[in-house]
Amino acid sequence: MKEAAINYVPQNWYLVLSTFLFCIGIMGVLFRRNAIIIMMCIELMLNSVNLLLVAFSSYSGNSDGQVFVFFIMVVAAAEVAVGLALLVSIYRNVMSTDINVLNKLKW
Amino acid sequence: MSQYLFFTLSFLTIISALYVVFSRNPMYSVLSLIVCFFTIAGHYILLNAQFLAIVHIIVYAGAIMVLFLFTVMLLNLNKETEPHKTNWVKVAAVIAAGMLFLTLIASLKSTQLGTYHLPPRTTIGLVQNIGIKLFTDFLLPFEISSILFMSAMIGAVMLAKKEK
Amino acid sequence: MVNVTDQILKDSLLITPGILIPLFPLIGFLINGLFGKYLPKSITGWIASISVLASFVCTFYIFTNLPSNGSLHIDLFNWIAYSNMNIGFGFLIDPLTLVMLLVISGVGFLIHLYSIGYMHGDEGFTRFFTHLNLFIFFMMLLVMGSNYLVMFIGWEGVGLCSYLLIGFWFKNDAYNDAAKKAFIMNRIGDLGFLLGMFFMLFNFGSLDYAVVAQKALLLPVGSSVLVAITLLLFVGATGKSAQIPLYTWLPDAMAGPTPVSALIHAATMVTAGIYMIVRSNVIYALAPFTLEIVAIVGVATCLFAAIIGLMQNDIKKVLAYSTVSQLGIMFAALGIGAFSSGMFHLVTHAFFKALLFLGSGSVIHALHGEQDIRKMGGLRKYIKVTFVTFLIGAVAISGIPPFAGFFSKDEILSHAFEHNKIIWAILSISSMMTAFYMFRLVYLTFFNDFRGSEETKKHIHESSAIMTIPLIVLAALSIIGGFIGMPSVFGFTHQFQLYISSVTDASKELMKENIELNHSMEWVLIATAVIAAIVSILYARFKYLTKKEQPSEDIALAGLDKVVYNKFYVDEIYDSIIVKPLKVLSDLFLVLVDKLIIDLFVNAVAWFVGLFGRTLRLVQNGNTGFYVFAMVFGIIVLFVIRLLI
């Protein structure tokens, strides 16, 4: 029986990778002004968390992590659908997806 | 051998993620995010989570990113109309993200992880096992997620409808 | 044989009436105060009067059942218990208390009856009786207390009720000022009383009468502690009983309705100071220096007030100065150590002074509010009952035997003669002046022809029965009241002195002089006093009846007459020495401290809050990117705190 191909990858590496992806996602949210790109970076952050959950679930032999990832995907899909619909309707009113224009969150 | 695989996939993931953030054309951002998702699916296969890898490709790369693409094309975003933040804000963003990264890594230094290497064979990622888990222990969330989808559908349709 | 000098009774049959005595007026106050507006006016007055009558009945019951050397202690509850300071709330009823209670409830009841008639038609009718009942309650608390603190509660309470009642017609600014003046001057005296109590508590550890007397006896005679305590208590008495220098509130207090003047400023409240000194006779006897001061102040007040009274033209002001003068005589009596004589004069004075005030109220009522005697005259044809009773009161106060005033005043004069001839001389001169101005008042008011307007003359009428019956009762008391204190020179035993001897004997051994007089000297003194009084009366008759002199108008006065008429300008002196500097000082504080310093701090606090708000507002700029930045920053901080520290 062949050994699993992943035997010699330490768990720590997945941690670092996932953290890095998460920080890139955050950087993207702070970096961009287009609301759609920001939503994509949020998806990136969600995926980094998914990756980490699957890694932990595999390394500890507990499949709860993978089921949880399943549900995260469910929620992410629903969220993207509604979020994009919102953005489209905003675009119809303001003709822009620039978040500096959408600054009415203060009154 | 597995380590090389890991390194390659990670490299691709990171590069495409950085391209998502730094590219000027939003179309290119969307496309590189798709590449990123494919590489992450590759990671899933490496970890023996086959069901999730397939679902990931189908849902994320297949449905969600297509939705993004359609929206970008609908709003006709391209390189010229893309707004940018001022330079020093960009620098501050990079620094903030960097600080977060450092904080997280530093706090992970003292963690005690359960196992360092994978056990010889893991079967928990197979379709049957996930299926059993999903329909016995996690039945309720499974059913409620269908309600969630229904409300998301209705909401999306209502929001995006054109006013008469 | 059992020694009965200090027999303490805890007889359960007497405790209930004892507690009921102050309770009845309190219940009357509560009923009239809370439900007065729903009750018809005809009932509220009677409720108040009946409650005082009930107190009188209880007092009388205890009076007949308590032996003359016994005392009734009623301890209600332990009030202040803090480390080694234990002050209880209780009543002490002994002969001295009973004398005061009989006067308060008896004369008080008659005045309540009178007020039902006098205040008829006034819109504050119920309020008046509420305040009167409250006053009676506090006064009873004052005389019934078993320690100085309960007395002080009553002391303050009667001051409050005096304020409420003087300023009863509160829509008039001048009356309000008079009420404030009374209260503030009382307060100045109360400060002395409080300091005296603090000294007492500090040195003796208790405020109970018996304990204080006991511990005071351990100190040497004339020790500075005792002098300080007694002097401070006397300051309180000066304020309450209108002696120099705190007497100017009493004439102004005539702004209140006449029954108020009769009850509070003649019979009861102003006698609180005298009661207090007699109650503390032991510690006063141990401080001869203070007694000298008391005597001097009393004598000076007596003379001073009598001189002012000679020239007053308001019927109530004459009586007010007469009250101040008579109080001076009482204090002089206390000062020379004749405590029981002072109390005796207090009782008889209550009778005839209340009578005189109520009579003047009847005159004012008949003339529809006229109080200036220059506009009166010849009233004896119209208001006969008032005239007769008023005349009886005037004769009593002048000291003509066998009326009440003669016995008490003569006793004081004879003790004064034994003690110090100068005091006797000044007191005798004051008595002559008293007789003179009282009869001046009588002749100008009731004799010759009426000097007012024709309109008023048509409406002169005698007061109703409910007002004249108290007058008649008080007149009867003024006639026979003196017989309780017939001196030994006539061959009788002095009942009054015997009665309260259990209280005053405590100081008898301490008094240095022997205050027994030999009988022949006493006859000479009696004769002198009576002849002097009759001479004054005849002079007044000559001046005002035969020569038909009338007091001049205000603007026509000059020289010494003007000074005396203006009360020696004492009020004006007080105003310029005390009141004006205080006003200047408070204005200074207003500008300096209030506006500059305190306002500065308060405004600075407000400014800081505004600054903080203005700055914090900038954080909420609606920019989502900025919000995300803030979130990231917060997460970093949280992680650093939680995970790395």
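Predicted model: local features only at pLDDT ≥ 70, side-chain atom pairs only at ≥ 80, totals over all residues.

Reader: Okay, how many helices and strands has chain A?

Author: Chain A has 3 helices and 0 strands, where helices (H or I, at least four residues) and strands (E, at least two) are DSSP runs numbered from the N terminus. Its radius of gyration, taken over C-alpha atoms, is 18 Å, well over the 13 Å that the globule rule gives for 107 residues, so chain A is more spread out than a compact globule. That rule is 2.2 Å times the number of residues to the power 0.38.

Reader: And what does the C-alpha trace of chain A span along its principal axes?

Author: The trace spans about 60 × 25 × 25 Å.

Reader: How many residues of chain B are in contact with chain A?

Author: On the chain B side there are 76 residues, in contact with 61 residues of chain A, contact being C-beta atoms, placed from the backbone, that lie within 7 Å. Helix 3 of chain B gives the largest share of the chain B side, 11 residues. By class, that side has 54 nonpolar, 17 polar and 5 charged residues; Ala, Val, Leu, Ile, Met, Phe, Trp, Tyr, Cys and Pro count as nonpolar, Asp, Glu, Lys and Arg as charged, and the others, Gly among them, as polar.

Reader: What about chain A and chain C, how many residues are in contact there?

Author: There, 10 residues of chain A are in contact with 9 residues of chain C, and the chain A side has 6 nonpolar, 2 polar and 2 charged residues.

Reader: Back to chain B, what is its mean pLDDT?

Author: The mean is 87, with 94% of the residues of chain B at 70 or more; pLDDT is the predictor's confidence in each residue, from 0 to 100.

Reader: Which domains is chain B divided into?

Author: Chain B is divided into domain 1 (1-81) and domain 2 (121-164), with bounds from an automatic or database domain assignment. The C-alpha centres of these two domains of chain B lie 22 Å apart, and 5 residues of domain 1 are in contact with 5 residues of domain 2.

Reader: Now chain C: is C:Met330 buried or exposed?

Author: C:Met330 is buried, with 29 other C-beta atoms within 10 Å, and its place is in helix 14 (residues 315-335) of chain C. Leaving aside neighbours within four places in sequence, C:Met330 is in contact with C:Ile274, C:Gly342, C:His345 and C:Leu346.

Reader: And how many residues of helix 3 of chain C are buried?

Author: In helix 3 of chain C, 23 of the 24 residues are buried, so this helix is largely enclosed by the rest of the structure.

Technical notes: Residues numbered from 1 in each chain as written. Chains lettered and ligands numbered in written order. Contact = placed C-beta atoms within 7 Å. Buried ≥ 20, exposed ≤ 12 C-beta atoms within 10 Å, placed from the backbone.
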